[in-house]
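Visitor: I am new to this structure and would like to learn how to read it. Could you show it to me and walk me through a few features?

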Amino acid sequence: MSTPYPFTAVVGQDDLRLALLLNAVSPRVGGVLVRGEKGTAKSTAVRALSALIPEVEVVAGCRFSCDPAAPDPVCPDGPHEAGGGTARPARMVELPIGASEDRLVGALDIERALSEGVKAFEPGLLADAHRGILYVDEVNLLHDHLVDVLLDAAAMGASYVEREGVSVRHAARFLLVGTMNPEEGELRPQLLDRFGLTVEVAASREPDQRVDVVRRRLAYDDDPAAFAAGWADEESALRERVLAARKLLPGVRLGDGVLRQIAATCAAFEVDGMRADIVMARTATALAAWAGRSEVLAEDVRQAALLALPHRRRRNPFDAPGLDEEKLDRTLEESAEDDPDPDPGNGPGGGPDNGPGGGPDGGGQPPRETPEAPEAPEAPEAPGTGGPELPSQGGAPERREPEEGSAAGGAGREQRPVGAGEPFRTKMLSVPGMGEGAAGRRSRSRAEHGRTTGARRPRGQLTKLHLAATVQAAAPHQRARGRSGPGLVVRRDDLRQAAREGRESNLVLFVVDASGSMAARQRMGAVKGAVLSLLLDAYQRRDKVGLVTFRGKEAEVALPPTSSVDAAAARLDQLPTGGRTPLAAGLLKAHDVLRVERMRDPARRPLMVVVTDGRATGGPDPVGLASRAARLHAAGGTAAIVVDCESGPIRLGLAGTLAADLQGQAVTLDELRADAIAGLVKSVRSAGADRKAA
């Protein structure tokens with residue numbers, strides 16, 4: 001077994017270490033969601049935490065880790081007699097991204113249940129993690145239904161497995177920790193709310209601290225055992241402190257004044273529901289116990305708010321998580337003034353950060369003057385050639401010389417990025433036919449979850465039994481099988497898998513014209529608003545998105561396919577315009593992106609959304625090149641929508657010609673709105689059916 005990296009050897013990341021330790025003190029806090037860029041010790045710190053969790057007493061031979069002092073009365077391996085057990089270290093169980101529902105909750109042998117009446121249950125990862133840690137790396141990439149199951153078990157402290165009326169229940173209480181890189185996509189707000197605490201982590205910008213990180217990591221890689229031995233004393237001291245805080249926790253007093261501060265804070269930040277209030281109360285109590293006090297102070301409430309509220313403030317995927325600390329301090333002061341019996345230690349210096357150095361090694365929280373707040377995303381480089389355009393000291397962007405052959409002072413000059421118009425609700429755009437991609441909410445697919453449409457013989461392990469079809473298959477053979485009692489004699493060949501139809505997610509690739517013909521500020525604002533609306537729709541339907549832009553002399557992949565729609569929105573916001581219209585280059589670049597994605601994920605079907613006025617300029621026969629590039633997409637079966645951005649009294653209808661070459665559908669910006677797009681999906685499907693017939 002490999003030697004884990006010591007928790008106390010992690011450099012910096014005070015908020016991360018504190019949140020993990022608070023959950024180790026009080027698992028009822030509800031777990032931790034760790035958000036941050038890659039390479040910031042997220043996984044290292046989580047895996048190191050398991051060494052600090054006290055050993056657990058378990059019933060010998062119980063696969064569900066029952067406590068011998070209070071065994072679970074409905075344990076599938078029970079009943080157990082109360083008495084002595086065996087001690088073992090708390091487990092740290094990792095949930096793989098590709099895990100199935102049966103691997104998570106456990107598998108029930110339907111054949112034995114039907115034929116023998118035996119609940120033959122194979123425990124899953126939830127049972128393994130009971131009374132330990134369940135770690136989900138890249139939790140934002142986990143299928144939604146698995147996240148729902150996981151968070152339900154964490155909230156109820158139990159897991160339920162039901163298959164065709166046969167059910168099994170077992171205890172599942174664990175410390176839930178999830179990590180994610182926001183660049184790869186966000187969790188839905190409903191799922192974010194189920195995590196007790198959230199922490200934003202980022203790499204230090206201090207050279208000395210970065211040197212310490214590298215030095216310690218190199219020493220660990222050279223000799224893990226020797227490195228861990230050098231930190232054994234610190235690890236032992238921290239482990240003892242966790243035990244002491246656990247013992248102190250039941251005696252910590254949460255006064256009415258503090259509860260009023262918690263309620264006032266949640267109300268001031270307009271947090272939905274009451275979960276935030278409960279989590280803040282439990283976190284503040286754990287903070288007091290961690291600091292060795294028997295009473296909760298205002299500083300505990302402040303720190304609890306910084307950990308428990310930021311992720312509950314998101315209203316849509318383009319909102320950055322965070323908390324206004326000035327508003328927080330003002331709210332705490334106002335609520336303290338209303339308290340007739342304020343705590344004497346609520347002023348500066350009376351909080352739990354009085355220990356040396358702050359953070360988990362000192363007083364239990366980082367220094368107040370340097371709280372870790374989520375950083376605004378860095379502005380991406382402007383698409384195009386030559387890298388980013390840096391503003392001059394006066395704030396105006398550098399001007400570019402008009403391109404050869406362009407109108408001076410018009411389309412050839414790069415324009416300052418225009419803000420997006422107000423987003424609106426769009427009607428659903430779907431890919432025609434039936435897919436088998438990842439679960440989502442866009443196009444029709446054959447899926448494990450959804451409406452039952454029929455039955456088939458199982459391929460591999462049976463997961464969803466079609467009971468009526470199974471009985472129908474077994475019934476003609478009962479006499480030959482010697483049936484004598486009321487039970488049905490069922491063989492493996494009789495079992496039928498339920499065939500279900502659900503919805504899949506797709507890859508929505510935006511191909512956006514950023515040339516000079518689109519540079520009118522009002523038009524580009526409307527175009528960006530439309531794309532932003534479609535991005536929001538893609539987020540809600542759990543799609544992957546990508547962004548290709550074209551202007552000047554070439555096309556560029558502004559954002560490779562990703563699950564992060566907020567990253568796409570950031571790229572869109574910084575998109576400049578100007579130059580010629582290399583439409584063919586944009587379509588060919590999109591073809592290259594889709595070709596690579598088909599090799600990476602052949603089950604995910606693409607939907608290409610081309611946003612253009614249909615003009616093509618630059619080079620010999622630009623219109624003919626664009627037409628041939630469009631027919632290349634049509635030959636590959638790519639579903640396409642052309643959003644026609646042409647405006648003015650004179651319209652050439654070039655976008656419609658492009659849509660015909662793509663064998664797709666053209667819609668105007670006005671028709672893209674939900675209240676004006678009623679026939680679009682039907683038209684897209686009809687186009688797909690005509691393509692198949694041809």
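Predicted model: local features only at pLDDT ≥ 70, side-chain atom pairs only at ≥ 80, totals over all residues.

Visitor: What share of the contacts joins residues 24 or more positions apart?

Guide: Counting contacts with a separation of 6 or more, the share is 78%.

Visitor: Which way do the side chains of a strand point?

Guide: The general idea is that side chains in a regular strand alternate between the two faces of the sheet. Here, P606, M608, V610 and T612 point one way from strand 18, while L607, V609 and V611 point the other way; all of them are buried.

Visitor: Which strand pairs with strand 18 over 6 bridges in the parallel sense?

Guide: Strand 15 (residues 507-513) does, and V511 has V610 as its bridge partner in strand 18. Strand 19 (residues 639-644) also pairs with strand 18 in the parallel sense, over 6 bridges. In that pairing, T612 stands opposite D644.

Visitor: And where can I see antiparallel pairing?

Guide: Look at the open sheet of 3 strands in the order 12-14-13, where the pairing is antiparallel. Strand 12 (439-447) and strand 13 (451-456) are the edge strands, each pairing on one side only. From one strand to the next, the twist averages 30°. Strand 13 and strand 14 (residues 497-504) are joined over 5 bridges, and T452 has R500 as its bridge partner in strand 14.

Visitor: Now the surface. Which residues make a nonpolar patch there?

Guide: V213, V214 and L218 make a nonpolar surface patch of about 260 Å². V213 sits in helix 8 (residues 207-222) and is partly exposed, with 41% relative accessibility.

Visitor: What does Y160 touch, leaving out residues up to four places away in sequence?

Guide: Y160 touches V168 and R169. You will find Y160 in strand 8 (residues 158-163); its relative accessible area is 48%, so it counts as partly exposed.

Visitor: How many salt bridges does the structure hold?

Guide: There are 26 salt bridges. One of them joins the side chains of E94 and R47, at 2.9 Å from N to O. Because E94 lies in strand 4 (residues 92-94) and R47 in helix 2 (residues 42-49), this pair ties together parts that are 47 residues apart in sequence. E94 is partly exposed at 36% relative accessibility, and R47 is partly exposed at 34%.

Visitor: Are D329 and R302, which also meet in a salt bridge, buried or exposed?

Guide: The cut-off for buried is under 20% relative accessible area. D329, at 19%, therefore counts as buried, and R302 is buried at 6%. Their side chains meet at 2.7 Å, N to O.

Visitor: Which residues are linked in a network of salt bridges?

Guide: R442, D537, R541 and D543 are linked in such a network.

Note on methods
Residues numbered from 1 in each chain as written. Heavy atoms only, no water. Pairing = 2+ DSSP bridges. Helix = DSSP H or I, 4+ residues; strand = E, 2+ residues; numbered from the N terminus. Axes fitted to C-alpha atoms, helices over the stretch in contact; angles between N-to-C directions. Buried < 20%, exposed > 50% of the residue type's maximum accessible area, 1.4 Å probe, protein only. Contact = heavy atoms within 4.5 Å. Patch = residues over 30% accessible without salt bridge, like charges linked within 9 Å, V, L, I, M, F, W, Y side chains within 5 Å. Areas by Shrake-Rupley, 256 points an atom, 1.4 Å probe, with all protein chains shown as cover. Salt bridge = Lys/Arg side-chain N within 4 Å of Asp/Glu carboxyl O.
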